[in-house]
Amino acid sequence: MMKDITFYGRFEADILAGRKTITLREASDADFEAGDRVHVSRYEDNVFFCNIEIIDVTPVQFDELNDAHAVQENMTLPELKQVISEIYPGLKSLFMIEFRLA
């Protein structure tokens, strides 16, 4: 059975173009393993837009986020930290899910 994940619609073009290659999630939203094929939809309206393959899932602390993470998210480090803080206020332990289009 294929797993599902959603992304905010503003990330759709970056994912489809291969510019966004990771996502940072809380533990309850990171139940993936390398090799999983995942059905991707927009968060706002649940419209499917692609499938991805999970490359790796690794823990990362908010304070350890750096420019490399920001580049993989296709944003600046301050933008990345702001987005994460808005989505997961106060959360310090995250999981980095690396993926590619499937």
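There are two aromatic pairs in this structure, where rings of Phe, Tyr and Trp (its six-membered ring) pair if their centres lie within 6.5 Å, and planes under 30 degrees apart count as stacked, over 60 as edge-to-face and the rest as tilted. This is a predicted model, in which local features need pLDDT of at least 70 and side-chain atom pairs pLDDT 80 or more, while totals for chains, interfaces and linings use all residues. Residues are numbered from 1 along each chain as its sequence is written, and side-chain values use heavy atoms, with hydrogens and water left out.

Take Phe7 and Phe99: the ring centres are 5.7 Å apart and the planes at 55 degrees, so this pair is tilted. Phe7 is in strand S1 (residues 3–7) and Phe99 in strand S5 (residues 93–101), so the pair ties together parts 92 residues apart in sequence. Strands are DSSP runs of E, at least two residues, and helices runs of H or I, at least four, numbered from the N terminus.

Phe7 is buried at 3% relative accessible area, and Phe99 is buried, also at 3%. Buried means under 20%, exposed over 50%, partly exposed in between, with a 1.4 Å probe and protein chains only.

Next, Tyr8 and Tyr43: centres 5.0 Å apart, planes at 65 degrees, so edge-to-face. Tyr8 is partly exposed at 27%, and Tyr43 is exposed at 52%.

Which residue lies over the face of Phe7? Arg25, at 4.8 Å from the ring centre. Over the face of Tyr8 lies Arg10, at 5.3 Å. The criterion is NZ of Lys or CZ of Arg within 6 Å of the ring centre and within 35 degrees of the ring normal.
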